[in-house]
Amino acid sequence: MILDKINTPKDLKQIKTEELDVLANEVREIIIKKVNSTGGHMAPNLGILETTIALHYVFETPIDKIIYDVSHQCYTHKILTGRKDGFTNPDNYYKYTGYTAPEECEHDLFKVGHTSTSVSLACGVAKARDLKNEHYNVIAVIGDGSLSGGEALEGLNNAASFNSNFIIIVNDNDMSIAENHGGLYNNLKLLRDTNGQAENNFFKTLGFDYIYLKDGNNIEKLIETLKKVKDIDHPVIVHICTQKGNGLKVAEDNKEKFHWVMPGILDEETNTTSSEENYTSLTAKYIYEKAKEDQTVVAITAGTPGVFGFTPDFRSKLGKQYSDVGIAEEHAVAYASALAKSGAKPIFTVMSSFVQRTYDQLSQDLCLNNSPITMLVYWGGISGADATHLCTFDIPLISNIPNMVYLSPTNKEEYLAMLNWSIEQTKHPVAIRVPNIELVSTGIEDKTDYSILNKYKVEKQGEKVAILGLGNFYYLACEVAEKIKKDLGFEPTVINPRFITGIDKRLLEDLKHNHNIVITLEDGVLDGGFGEKITRFYGNSEIKVLNYGGFKEFPDRIPAEELHRRYRLTPEQILEDIRKL
């Protein structure tokens, strides 16, 4: 194999250009095999494979700086920069993260996993280079889907004003995670249709020099084009058209499905769809039925419909009652706020890890205006995710903004009741932390009046120790309670708080009469979280409070079970702490 000869980009430059297509096929084969085994980003990596080879063939990294947007398309880059053992050796499949990581390799400049950032980061690199009178190429690689993000547009605006080397590769495969949405994509289509010759050119309007390459999966043409811009003395856009999923027919035909895949996607015997109800399917079904009976209901996503079970069929059936605003969570929040102020009933679905992108809009556009939207937060909780996609920070981010009501259901019936109340009420912006556990159904309709804010539910009345189990961790609270009863001989009180944003002062005050320890359990970071509110309430009393949750850190692909032990989130460890008190 030609790949056997390559351990660094310098080795790549020794390969004859006519052999690069063979190399590309070898790299494609090992990426497909590895991702099918471990799961990961399949189609994005296959689509930019040839571009990455050409970039390293022309430029001199790590002296020249290549900055990938999102960096979920960096697998070929990793293979060419000394990390191919993580793709060729199954024993090392989990050795490297799926994103760029400076701690792994000097060819990676930033640790990134969220979108629309590369041009802004490249602006900083280029400016520092110019201030220090250094000379090297700065190359930002950004996909067309990422261009819908506000930071990408801010970065482009700044980058166009440079009077020095600045190269931006726009990887246009006419696709985000799902289909692209927005007026910008009309211009990209026009540029594709006219072979880059259209007078109406978004990039030229900003002031960029502009080069168009129709065949962005042709290594020879890519090398020829990149050589033209190497060491250029002004900002330039290299607009290349690529095929997402290139070289894997099933990925080319099913681009959305193969953007990110679970292990075994290509194995026929494991490639089946579960019909079992879960909180994702439940939500999509609920929204669809609600939209049918009320034309003011509108479902909103920011470029990630698959996370929420918004299938192409679902999107088609909802029609004008479905909005994909592109990768633009900030806009989505402001858009939803205005919809609600104007009498509509917006439901904005967002992954916990992306909530932090919306903080100013949550505060100013939404909560300051007290607009009654419904925001559904998915995947919240401690997990073995990459450091770039942790979902542990949403509780402190959301719950400390005035006017916001943040709810955390523990079962199907609570969740549906909260949804119904949130969509129909008109007094508060409401966020609901969708349970990130297997679906639990009590079979009993929840008739709680959630307009009575911050009223906790005592699920089991006891003594001495009160356990507040929030959302996902309610069932951990039940386990701890059983262990206390068995090992310590008394029945503790178990409380389902349901409200994250406020405290039930009357209930907490009542606990003082026959309890001396209060325990809080939350599936997220402790700092600024739910438990600290309880601790603050009992600060001037004799009650001892133990807060359990995640530490303020960026764990990277550490199994959830290991993190639970680190954070003392096992029933045995919690019982041990109670014994000490």
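Helices (H or I, at least four residues) and strands (E, at least two) are DSSP runs, numbered from the N terminus. I start with that, then go to the loops.

**Entry 1: ground rules**

I am working on a predicted model, where local features need pLDDT of at least 70, side-chain atom pairs count only at pLDDT 80 or more, and totals for chains, interfaces and linings use all residues. Residues are numbered from 1 along each chain as its sequence is written, and side-chain values use heavy atoms, with hydrogens and water left out.

**Entry 2: loops and backbone**

I looked up Pro62. Pro62 sits in the loop between helix H4 (49–58) and strand E1 (65–68). The peptide bond joining Thr61 and Pro62 is cis, with omega at about 10°.

Next I checked helix H4. How many of its residues are buried? I use buried for under 20% relative accessible area, exposed for over 50%, and partly exposed for in between (1.4 Å probe, protein chains only). In H4, 10 of its 10 residues are buried. Among them are Leu49, Glu50, Ile53, His56 and Val58.

Then I turned to positive phi values. Asn370 has a phi near 55°, and Asn370 is not a glycine. I found Asn370 in the loop between helix H16 (359–367) and strand E9 (374–378). Asn370 counts as partly exposed because its relative accessible area is 28%.

Arg557 also has a positive phi, about 60°, although it is not a glycine. Arg557 lies in the loop between strand E16 (544–550) and H22. At 30% relative accessibility, Arg557 is partly exposed.

**Entry 3: two single residues**

I looked up Ile2. Ile2 belongs to the segment before helix H1 (9–12). Is Ile2 buried or exposed? Its relative accessible area is 9%, so Ile2 is buried. I then listed its contacts (heavy atoms within 4.5 Å). Leaving aside neighbours within four places in sequence, Ile2 touches Ile15, Glu19, Val22, Leu23 and Glu26. I also took one distance: Ile2 and Val27 are 25 residues apart in sequence and 9.7 Å apart in space, C-alpha to C-alpha.

Lys189 came next. Lys189 is in helix H9 (residues 184–193). At 44% relative accessibility, Lys189 counts as partly exposed. From Lys189 to Lys464 I noted 275 residues in sequence and 67 Å in space, C-alpha to C-alpha.

**Entry 4: helix H19**

I checked the length of H19 (474–488).

Which residues of H19 are buried? I found Tyr474, Leu476, Ala477, Val480, Ala481 and Ile484. They cover an arc of only 150° around the axis, so they lie on the same side of H19. That arc is taken from the directions from the helix axis to the C-beta atoms. The buried residues of H19 pack against strands E12 (457–460), E13 (464–469), E14 (493–496) and E15 (515–525), and against helix H23 (571–580). Just after H19, Gly489 takes a positive phi of about 85°.

**Entry 5: empty space**

Rolling a probe the size of a water molecule over the atoms shows where empty space is left. On a 1 Å grid over the protein atoms alone, a cavity is a set of points where a 1.4 Å probe fits but cannot get out; a pocket is an open set with protein on both sides within 12 Å along at least five of seven lines; lining residues have an atom within 4 Å of a point. Grid points are joined across faces, edges and corners, and a volume is the space filled by probe spheres set on the points.

I took the second largest pocket, with a volume of about 320 Å³. Its lining has 15 residues, and Ile437, Asn472, Phe473, Asp523 and His564 lie nearest its centre. Helices H19 and H22 (560–566) each supply at least two lining residues.

How many cavities of 30 Å³ or more does the structure hold? I noted five. The largest cavity has a volume of about 80 Å³. It is lined by 13 residues, and Ile382, Thr392, Pro555, Leu563 and Tyr567 lie nearest its centre. The second largest cavity holds about 60 Å³. Among its 13 lining residues, Ser176, Glu179, Asn180, Gly303 and Gly326 lie nearest the centre.
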